[in-house]
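This report describes one chain, from its overall make-up down to single residues. The sequence and the model come first, and the text follows.

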Amino acid sequence: MEKKYNLKENTTARKVLRILGPAVFILGLVFVGVGISDVFRTSQPTPEFGSVGLDVGRFYLAFIGIPLLFVGGVMTSFGYMGSVMRYQASQVAPVGKDVLNYMMDNTSDSVGNMTKSISDGLNGKEKLHCVECGHGVKEDAKFCNECGSSLAKTCPKCQAMSPQKAKFCDECGYDIR
């Protein structure tokens, strides 16, 4: 059975993490500070270390404090994670929306043309383009519906008109490529 989200339970856990996290972190900071400062205080040589001159008295507290710093930091970050994420989403979402809208507005024609070209290529329909303006035209069209230019080729030998796609003249067979 799936457990449902319990807002009250979550709020309580968040409050506990927000209080205990910084407390554990500060306790770890104190332990590390005491442990490290204990090394630098003036001390008498101890028999265990001979003539080294170090008294490790409370230095071990630094090794207890380091994990406490980590645990306190993690608890604090979990306590404030929801607030941080909501703030981050409120800052990022409008920018993402603007970028997406910009891309959609400025690329929809290009994407449409590209998909039509791909579709025509897959279906074996090679699309013709006007030599003057580059606008796509129907295969059997005689004039461009964008600029009005003639789409037929004129044979230099017999002056007969042939379709734009033709390689040889329909009338005399002359190479018109």
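Which residues does R58 touch, not counting residues up to four places away in sequence? R58 touches G35 and D38, where a contact means heavy atoms within 4.5 Å.

The model is predicted, so local features need pLDDT of at least 70 and side-chain atom pairs count only at pLDDT 80 or more, while totals for chains, interfaces and linings use all residues. Residues are numbered from 1 along each chain as its sequence is written, and side-chain values use heavy atoms, with hydrogens and water left out.

**Chain overview**

Two helices and four strands make up the elements of the chain, and their order from the N terminus is α-α-β-β-β-β. Helices (H or I, at least four residues) and strands (E, at least two) are DSSP runs, numbered from the N terminus. The chain has 177 residues, of which 16% count as buried. Its accessible surface is about 13,700 Å², with 63% of this belonging to carbon and sulfur atoms; the areas come from the Shrake-Rupley method with a 1.4 Å probe, and for residues only the protein chains shown count as cover. Among contacts with a separation of 6 or more, 34% are between residues 24 or more positions apart.

**Accessibility of selected residues**

Buried means under 20% relative accessible area, exposed over 50%, and partly exposed in between (1.4 Å probe, protein chains only).

| Residue | Relative accessible area | Class |
|---|---|---|
| L128 | 9% | buried |
| S149 | 18% | buried |
| F59 | 27% | partly exposed |
| R58 | 44% | partly exposed |
| Q159 | 53% | exposed |
| F63 | 57% | exposed |

**The helical part**

R58 lies in the loop that joins α1 (7-40) to α2 (60-122). The C-alpha atom of R58 is 9.1 Å from that of S37, and the two residues are 21 residues apart along the chain.

Rings of Phe, Tyr and Trp (its six-membered ring) pair if their centres lie within 6.5 Å; planes under 30 degrees apart count as stacked, over 60 as edge-to-face and the rest as tilted. By this rule there is one aromatic pair. F59 and F63 form this edge-to-face pair, at 5.3 Å centre to centre and with 90° between the planes.

**The strand part**

Strand β1 (residues 128-129) contains L128. Not counting residues up to four places away in sequence, L128 touches H135, G136, V137, K138, E139, Q164 and K165. L128 and L151 are 23 residues apart along the chain, and their C-alpha atoms are separated by 9.4 Å.

S149 sits in the loop between β2 (136-137) and β3 (153-154). With residues up to four places away in sequence not counted, S149 touches C130, E132, K142, F143 and C144. Q159 belongs to the loop between β3 and β4 (161-162). Phi of Q159 is near 65°, a positive value in a residue other than glycine.

**A pocket**

On a 1 Å grid over the protein atoms alone, a pocket is an open set of points where a 1.4 Å probe fits, with protein on both sides within 12 Å along at least five of seven lines; lining residues have an atom within 4 Å of a point. Grid points are joined across faces, edges and corners, and a volume is the space filled by probe spheres set on the points. The second largest pocket holds about 180 Å³ of space. It is lined by 15 residues, and those closest to its centre are A141, K142, A152, S162 and P163. The lining of the second largest pocket has eight nonpolar, three polar and four charged residues. Here Ala, Val, Leu, Ile, Met, Phe, Trp, Tyr, Cys and Pro count as nonpolar, Asp, Glu, Lys and Arg as charged, and the others, Gly among them, as polar.
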